[in-house]
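Please take a moment to look over the sequence and the model below. The paragraphs that follow lead from one covalent link to the chain as a whole, and then back to its parts.

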Amino acid sequence: MPSHLDSQNTRQRQRGRRRGSPRSLVLPWLLCLVALPYALAADCIRFADYDSINQMFIDGGPGTKVLLCPRKTYRLSGTVVFTAADQELATYGYPTGAERAVLRVESPSIATAVQGDCRRCARVGVRSVVIDGSRGKLGRVADVDAATGLVVLGGSEGQSVRDSWITDPRGFTAIHIREGDKLGCKGAVVERNEIGPAGEEYDAAVDGPDPELSPLGRPLADGISIACRDSVVRGNTLWDNTDAGIVIYCSPGTTVADNTISARKSSAMAGILMVDQTPFDGDYSGLVVKGNTIDAKSRTIRVGVGIGAAVWSDDTETILSGGSVLSNALKGQYMGFGIAAAGLDKWKIKDNWSEARHQGKRSARCFDDPINPDPTAFLYHAMSVDNSELQANFEDHEFAYIACIDGMEDRDSAPPATTETTSAAEPTATTPSTGSEMMDDILLHSQQRMLEAIEGLGMTIDRAHLAPATVDGVDASAAMERMRTRIDQLEREQSELVDLAKALQGAIETFVAERSEFERWQTGVLRLIEKALANDYALPELGDVDARAVDALDDDAGLARQNKYRRGPAPKVLAAQYAEAAARVRRAREEEAALHAWVSPAVWHMAKWAAAAGSVGGLYAAYRRYVGTRRSKIL
């Protein structure tokens with residue numbers, strides 16, 4: 001498949017051949033050697049922002065794959081935009097877990113990190129990446145029209161989001177699969193993703209009486225919002241999506257299966273919602289919602305599965321047709337209503353089960369008429385459900401805006417809501433900056449490993465607290481003390497690593513400056529000699545002069561004896577000018593030796609660090625060979 005990476009690498013090789021000068025290659029070569037212990041796959045894009053990624057898609061055209069480097073963080077000041085069919089944004093090697101690259105929104109002016117909802121964007125894909133919307137850092141997007149999804153696809157066929165973690169959207173949803181301007185979305189796949197947290201809990205003291213009109217922007221957010229025919233939403237894990245985990249906008253022919261939705265630290269309005277008439281005029285035919293688990297394990301989920309407009313409003317007239325809700329599970333101690341259904345025609349709701357504790361109380365936001373019943377596992381309004389098959393344990397009651405309840409969980413034992421998000425790809429500790437993005441990445445990588453080791457030891461200590469005082473004759477308290485000592489040692493090593501990284505950065509900067517000065521000096525010497533020889537004395541062809549004749553040019557007498565090789569001014573004038581040039585060359589040699597002694601400490605510093613890190617040990621020797629080659633060209 002065509003790749004922008006291939007064309008980019010080819011152009012770089014061609015430029016290198018045209019230049020043909022070691023000077024143009026020495027600095028990149030040295031930096032590559034220094035970074036070698038942390039080098040990743042050669043085919044990944046190590047440094048990029050949204051604009052350079054977009055240019056790769058534009059230049060590469062259909063089929064372009066932009067592969068990011070594992071564990072690398074890319075800070076976005078704008079939106080990455082797909083431009084043609086079969087393009088893909090992914091981490092090299094398609095890893096899962098902490099190996100995935102991170103795309104993090106850094107600009108307060110954007111909500112969408114990745115967008116591909118154009119009609120020509122067939123089969124574009126996002127795979128094996130972490131996309132962080134940075135709501136905890138940047139806040140919500142106050143403008144409702146600009147509060148779009150963190151990942152926005154749709155409007156074409158065969159698009160996908162796979163094996164990714166989508167977290168902390170600033171807008172209304174983490175993943176939005178749009179229907180498109182002409183309802184052209186078809187065959188989308190959203191599978192094996194982790195989605196959450198998304199949004200914040202509504203707080204009337206902060207957001208006012210209506211969360212939709214909050215001056216800070218809408219606090220609640222969905223996990224997946226899909227309006228696409230014949231699609232698949234499968235095997236995703238969603239947590240702490242404060243509005244709904246999955247919202248299905250009609251999407252006829254779509255399958256939503258085997259997803260797990262839970263409330264851990266933040267309450268949610270709903271698990272799965274099918275309450276909208278738009279954009280397919282209430283057509284849910286062929287939709288199958290099957291085998292999903294909704295778990296109110298630590299915080300309230302007000303409605304597990306909501307079907308019909310009355311679940312979300314006082315609209316008791318709208319009818320939604322078709323669709324099946326089968327074999328879904330409801331769990332947790334803080335579940336409100338399990339499955340609520342009203343305003344339906346030709347639906348099948350069978351074999352769903354609940355082991356949850358259903359609880360909650362009416363809030364001030366509930367309507368006075370009708371008065372909703374207390375939370376229960378299965379609720380429907382029989383008068384508004386026609387031509388449908390429902391399992392036998394549904395209770396019949398009129399209702400409207402069933403999600404208006406407040407949870408009754410014990411907030412002393414339940415985890416508090418949080419607006420801060422911590423990415424698994426970035427440590428919670430502050431990472432000091434060395435002034436170089438490359439060195440910051442090296443330091444971040446090492447710090448991550450250090451934090452993982454500390455966390456592992458901490459877990460061991462926690463287990464030890466629950467263990468007996470002695471195990472197999474070993475004093476547990478002494479073992480714990482050794483673990484604490486080891487943690488202290490790891491923290492000291494981390495501090496030393498920071499100092500080493502800063503020192504290395506300083507050495508690199510010094511070396512670059514000195515290398516530049518050295519290049520300028522060499523250029524001056526070459527021009528000096530070229531001018532002296534070209535203007536005042538012309539050497540014969542090498543084939544016409546023997547070695548003794550060339551050696552004789554080093555002294556005035558020898559120069560005078562070689563009149564037959566001279567063109568130009570009188571011999572005495574030439575002899576004086578050449579003697580002056582020879583003296584300058586000797587002085588240049590002395591200056592080179594002094595400069596060499598000046599540059600050496602920085603080079604030795606890098607060589608020692610590279611050897612300690614497992615890099616190529618010939619860094620300094622290669623530099624010496626390079627200097628020798630340049631000196632032979634001068635002289």
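To which residue does a disulfide join Cys-366? The partner is Cys-404, with an S to S distance of 1.8 Å; a disulfide here is a pair of cysteine sulfur atoms within 2.5 Å. The torsion about the S-S bond of Cys-366 and Cys-404 is about 95 degrees, so this disulfide is right-handed. The link connects distant parts of the chain, 38 residues apart: Cys-366 lies in the loop between β32 (361–362) and β33 (378–380), and Cys-404 in the loop between β36 (395–396) and β37 (405–406). Cys-366 is buried at a relative accessible area of 8%, and Cys-404 is buried at 0%. Buried means under 20% relative accessible area, exposed over 50%, and partly exposed in between, with a 1.4 Å probe and protein chains only.

The model is predicted: local features need pLDDT of at least 70 and side-chain atom pairs count only at pLDDT 80 or more, while totals for chains, interfaces and linings use all residues. Residues are numbered from 1 along each chain as its sequence is written, and side-chain values use heavy atoms, with hydrogens and water left out.

The chain as a whole may now be considered. It contains 11 helices and 39 strands; these are DSSP runs numbered from the N terminus, helices being H or I of at least four residues and strands E of at least two. Of its 635 residues, 49% count as buried. The chain exposes about 29,500 Å², of which carbon and sulfur atoms supply 51%; such areas come from the Shrake-Rupley method with a 1.4 Å probe, and for residues only the protein chains shown count as cover. Among contacts (heavy atoms within 4.5 Å) with a separation of 6 or more, 77% are between residues 24 or more positions apart.

Strands pair if DSSP finds at least two bridges between them. Strand β6 (residues 114–116) pairs with β9 in the parallel sense over 3 bridges, and Gln-115 has Val-152 of β9 as its bridge partner. Strand β12 (residues 173–178) also pairs with β9 in the parallel sense, over 4 bridges, and here Gly-154 stands opposite Arg-178.

The remaining text returns to the disulfides, of which there are 4 in total. With bonded cysteines counted along the chain, they follow the pattern 1-2, 3-4, 5-6, 7-8. One of them joins Cys-44 to Cys-69, with S to S 1.9 Å, and this link is right-handed, with 90 degrees about the S-S bond. Its ends are 25 residues apart: Cys-44 is in the loop between α2 (22–34) and α3 (50–60), and Cys-69 in the loop between β1 (65–68) and β2 (73–76). Both Cys-44 and Cys-69 are buried.

Another disulfide joins Cys-185 to Cys-228, with S to S 2.1 Å. The torsion about the S-S bond of Cys-185 and Cys-228 is about -90 degrees, so this disulfide is left-handed. The pair is 43 residues apart, with Cys-185 in the loop between β12 and β13 (189–191) and Cys-228 in the loop between β15 (222–226) and β16 (232–234). Cys-185 is buried, with a relative accessible area of 1%, and Cys-228 is buried at 0%.
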